[in-house]
Amino acid sequence: MFQTLFKLSLSTILLLSFSVKTELFQNTKSSHYLLLDLEQGEVLEEKGKSEKIYPASLTKMMVVYVALNHIEDKQKTAIISPNLLKELRQQGAAISNYPSQTPISYEDLLYGIALPSGADCSITLAKALFPTTDAFVQAMNQEAKQLGMIHSHFDNVTGLHSPNHYTTLEDLSRFLKVALKNQHFRNYFSAIKYTSKTGITLSHTLYRDIQKTGLKIPGYQGSKTGYTAQAGHCLALWFNQKGHPFLYLATGGPGDVYTSSHLSDAHLVTSRLAKATKKSFGPFDFFYSHSKEAFFSYCLIQSDMPHLYLFQRGS
C-alpha cells in the first residue's frame, strides 16, 4: 500500500516538474525510432514503435540468434556457391569478401553476417543448418512467436525486400532484450573487426561509416545496420551512458546506399545523452539536459529495485 502511494506521489511530482516537450530527437531524420532503458525495459522515447516497418538487414540479428541455437560445432564448414554470389550481386545485396568454393567455418560465417552483413553468409549458414532456407525461416518465425513478436513475420534470411517480411520496432526491442542476455550473441553484435581463418579481415558496416564521416557514438557497445530502398536506413544500437545501458532502434532513414542518415541520427541522440546531467535520488537516476540544443528529462529506476517500476518523461 505504501509503495503504491509512494509511486503515485512521485509520479505526480515528476509530471508537474517535467511537463516540457522532450527534444532529444530534435533534427533527427528517421521516420521511426525507439529509445529503451535496457535495465528496466522502459521505452523513454518513441515514434511509430507499433507501426509495421521493413527491417532490411536487421533481419540478420535473428538469423545469428537462431543459428546459435542450432550450431553444435562452430568449426564445421560450409561452401559459398559461386552461383549464389552472382545472384546476390544482381540483387544488390550486401555480401562478405569470402571466396566461393572454399570451406568457411560456421564461426567465420557468423561474423560474415554480423559485420559486413553478408547475405551470402546468411544463406550458406541457413542451408548448412537446415534442409532448406525456407525451413530456417520457419524456425525464425517460431522463435519470434515464442518471444512474443506478434507483429512480425520473416520471409527470408537476407532482409531483401518482400511485402511479407516485416516487423515493428516494439517487436525488435522485445527480441533484443532477450538476445543481448546471450553472451554468444553479444560477441557477434559487439564485434567491430574480425580476421577469419582464411586470413580475410571483416569490418563492421557502421564502423566503416564512422571512419568515412568522422561521426562518433559515445558509449558504443554494439550494433546492426540495414538498408533497402523500401526500409530506408535502419539501425539497432546498444550503448551505455554514465553506466546506464540503452537500446536505440531506428528505421526509415532517408538517403540511398551511399548516405549515412542512420549514423547521423544516432550520433545526435547519443551525444546529447552523453552531455546530459545525471543525478541520483535514492533508487532513482535522473538524466536531464537544459541546453539550448535540446531539453529532455528522464527518471530511471536503478536495477536493484526491480519492483519499484516508474518512469515519467516530458510530454
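This is a predicted model: local features need pLDDT of at least 70, side-chain atom pairs count only at pLDDT 80 or more; totals for chains, interfaces and linings use all residues.
Stepping back, the chain has 10 helices and 12 strands, and buried residues make up 52% of its 315 residues.

**Where α2 meets α5**

- The crossing of α2 past α5 is left-handed.
- On the α2 side, the residues that do the touching are Lys-60, Val-63, Ala-67 and His-70. Their partners in α5 are Ala-119, Ser-122, Leu-125 and Leu-129.
- Sort the residues of this contact by type and you get five nonpolar, two polar and one charged.

**The nonpolar cores**

- As a bit of background, nonpolar side chains tend to be buried together in soluble globular proteins.
- The largest nonpolar core here has 64 residues. The members that touch the most others are Met-61, Met-62, Phe-136, Met-140, Phe-175, Leu-176 and Phe-185.
- Which helix gives the most to this core? That's α2, with eight residues.
- Setting aside neighbours within four places in sequence, Phe-175 is in contact with Met-61, Met-62, Tyr-65, Leu-147, Met-149 and Phe-185.
- There's also a second, separate core of 23 residues. Among them are Leu-206, Leu-235, Ala-250 and Phe-287.

**Contacts along the chain**

- Take the contacts in the chain with a separation of 6 or more: 63% of them join residues 24 or more positions apart.

**Two loop residues with positive phi**

- Most residues other than glycine have a negative phi, and here are two that go the other way.
- Ala-56 isn't a glycine, yet its phi is positive, at about 50°. You'll find Ala-56 in the loop between β2 (42-47) and α2.
- Is Ala-56 buried or exposed? Its relative accessibility is 2%, so Ala-56 counts as buried.
- Lys-242 also has a positive phi, near 55°, and is a residue other than glycine. Look for Lys-242 in the loop between β8 (232-241) and β9 (244-253).
- With a relative accessible area of 33%, Lys-242 is partly exposed.

Notes: Residues are numbered from 1 along each chain as its sequence is written. Side-chain values use heavy atoms; hydrogens and water are left out. A nonpolar core is a set of buried Ala, Val, Leu, Ile, Met, Phe, Trp, Tyr and Cys residues joined through side-chain atoms within 4.5 Å. Buried means under 20% relative accessible area, exposed over 50%, partly exposed in between (1.4 Å probe, protein chains only). Helices (H or I, at least four residues) and strands (E, at least two) are DSSP runs, numbered from the N terminus. Contact means heavy atoms within 4.5 Å. A crossing is left-handed if the near helix is turned anticlockwise from the far one by less than a right angle, and right-handed if clockwise. Ala, Val, Leu, Ile, Met, Phe, Trp, Tyr, Cys and Pro count as nonpolar, Asp, Glu, Lys and Arg as charged, and the others, Gly among them, as polar.
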